[in-house]
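Please look over the sequence and the structure shown below before reading on. The report that follows goes through selected features in turn, beginning with a pair of charged side chains.

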Amino acid sequence: MGDGLRCGSITLGKKDADSVHMEPAALKEKIEAFIDAHNTCALATSSRDCVRNTPIEYNYADGNFYFFSEGGLKFRGLKENKNVGIAIFEPYGGFGQLKSLQVQGVASMVEPFSDEYLKLMEHKKIPVEVMKKVPQPMNLIKVEPSSFDYLDSELKKDGFGSRQHLDV
């Protein structure tokens, strides 16, 4: 890690790199519990001249994030840049009550009515007949996480740094 955590060419604080880290399996368990406790995030996409940050409902299955979407400016960014950011967070309740997750990942489109698409429709309890009747099937974005940055003030109670990083 050297001088800090890295995001592309950006270094994220020596203080975080030098703090007490959780074991990866325990951290992943905390992260997945946080993901499962929520259903909405901010999905950030970008192109050369446009950054879009979209509040959107997600589904988390098999270690990936999935987003059904009719369209929007986020797709402009996804055409040019498959790298995305996801933020999930609790409302601010004071300095000692911070809890959030930032995810870096790579996005791809799931083919409508493929096995993976049908699996997510079943997960969301969307009847296939209903989706086949709409003029254009919903887009399904899949994000495979490459890293997680978890912030939880309560981790200090267990002797860990409040910021934890996990590469996938």
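Predicted model: local features only at pLDDT ≥ 70, side-chain atom pairs only at ≥ 80, totals over all residues.

Asp49 belongs to the loop between β3 (40–46) and β4 (51–57), while Arg76 belongs to helix α3 (residues 74–80), so the pair ties together parts that are 27 residues apart in sequence. Asp49 is exposed, with a relative accessible area of 59%, whereas Arg76, at 37% relative accessibility, counts as partly exposed. As a general point, side chains of opposite charge can pair when their charged atoms come close.

How many salt bridges are there by this rule? The count comes to six, and among them is one between Lys124 and Glu57, with the closest N and O atoms 3.0 Å apart. This pair links distant parts of the chain, since Lys124 is in the loop between α4 (115–123) and α5 (128–133) and Glu57 is in strand β4, 67 residues apart. Both residues are partly exposed, Lys124 with a relative accessible area of 27% and Glu57 at 40% relative accessibility.

A further salt bridge brings together the side chains of Asp152 and Lys99, at 3.7 Å from N to O. Asp152 lies in strand β9 and Lys99 in strand β8, so this pair ties together parts that are 53 residues apart in sequence. Is Asp152 buried or exposed? At 3% relative accessibility, Asp152 counts as buried, because the cut-off for that word is under 20%, while Lys99, at 25% relative accessibility, counts as partly exposed.

## Strand β9 and its partners

Strand β9, which covers residues 139–152, has eleven of its 14 residues buried, so it is largely enclosed by the rest of the structure. Strand β8 (residues 99–110) runs antiparallel to β9, and twelve bridges join the two; within this pairing, Gln102 stands opposite Asp149 in β9.

Strand β6 (residues 64–69) also pairs with β9 in the antiparallel sense, over five bridges, and here Ser69 has Asn139 of β9 as its bridge partner. Strand β10 (residues 163–167) is likewise joined to β9 by five bridges, with the two strands running antiparallel, and the bridge partner of Leu151 in β10 is Arg163. In a regular strand, the side chains alternate between the two faces of the sheet.

## Nonpolar cores

Which residues have the most contacts inside the largest nonpolar core? This core has 26 residues, and those with the most contacts inside it are Ile35, Phe65, Phe67, Ile86, Ile88, Leu101 and Phe148. The elements that give two or more residues to this core are α2 (24–36), β3, β6, α3, β7 (83–89), β8 and β9. Apart from this core lies another one, of nine residues, which include Ala61, Tyr66, Tyr117 and Leu120.

Ile88 can be followed in more detail: when its neighbours within four places in sequence are left aside, Ile88 is in contact with Phe34, Ile35, His38, Thr40, Cys41, Tyr58, Phe65, Ser100 and Leu101.

## Cysteines

A disulfide is, in general, a covalent bond between the sulfur atoms of two cysteines. A search of the whole structure finds zero disulfides. Cys41 counts as buried at 4% relative accessibility, and Cys50 is buried too, with a relative accessible area of 16%.

## A contact across the sequence

Met22 lies in the loop between α1 (14–18) and α2, and this residue is buried, with a relative accessible area of 11%. Although Met22 and Gly161 are 139 residues apart in sequence, they are 8.4 Å apart in space, from C-alpha to C-alpha. Not counting residues up to four places away in sequence, Met22 touches Leu27, Lys30, Leu155, Phe160 and Gln164.

## The protein as a whole

The secondary structure of the protein comes to five helices and ten strands, and buried residues make up 39% of its 168 residues. Of the contacts with a separation of 6 or more, 59% are accounted for by residues 24 or more positions apart. The accessible surface comes to about 10,100 Å², and 51% of this surface belongs to carbon and sulfur atoms.

Terms used:
Residues numbered from 1 in each chain as written. Heavy atoms only, no water. Buried < 20%, exposed > 50% of the residue type's maximum accessible area, 1.4 Å probe, protein only. Helix = DSSP H or I, 4+ residues; strand = E, 2+ residues; numbered from the N terminus. Pairing = 2+ DSSP bridges. Salt bridge = Lys/Arg side-chain N within 4 Å of Asp/Glu carboxyl O. Disulfide = S-S within 2.5 Å. Core = buried A, V, L, I, M, F, W, Y, C linked by side-chain atoms within 4.5 Å. Contact = heavy atoms within 4.5 Å. Areas by Shrake-Rupley, 256 points an atom, 1.4 Å probe, with all protein chains shown as cover.
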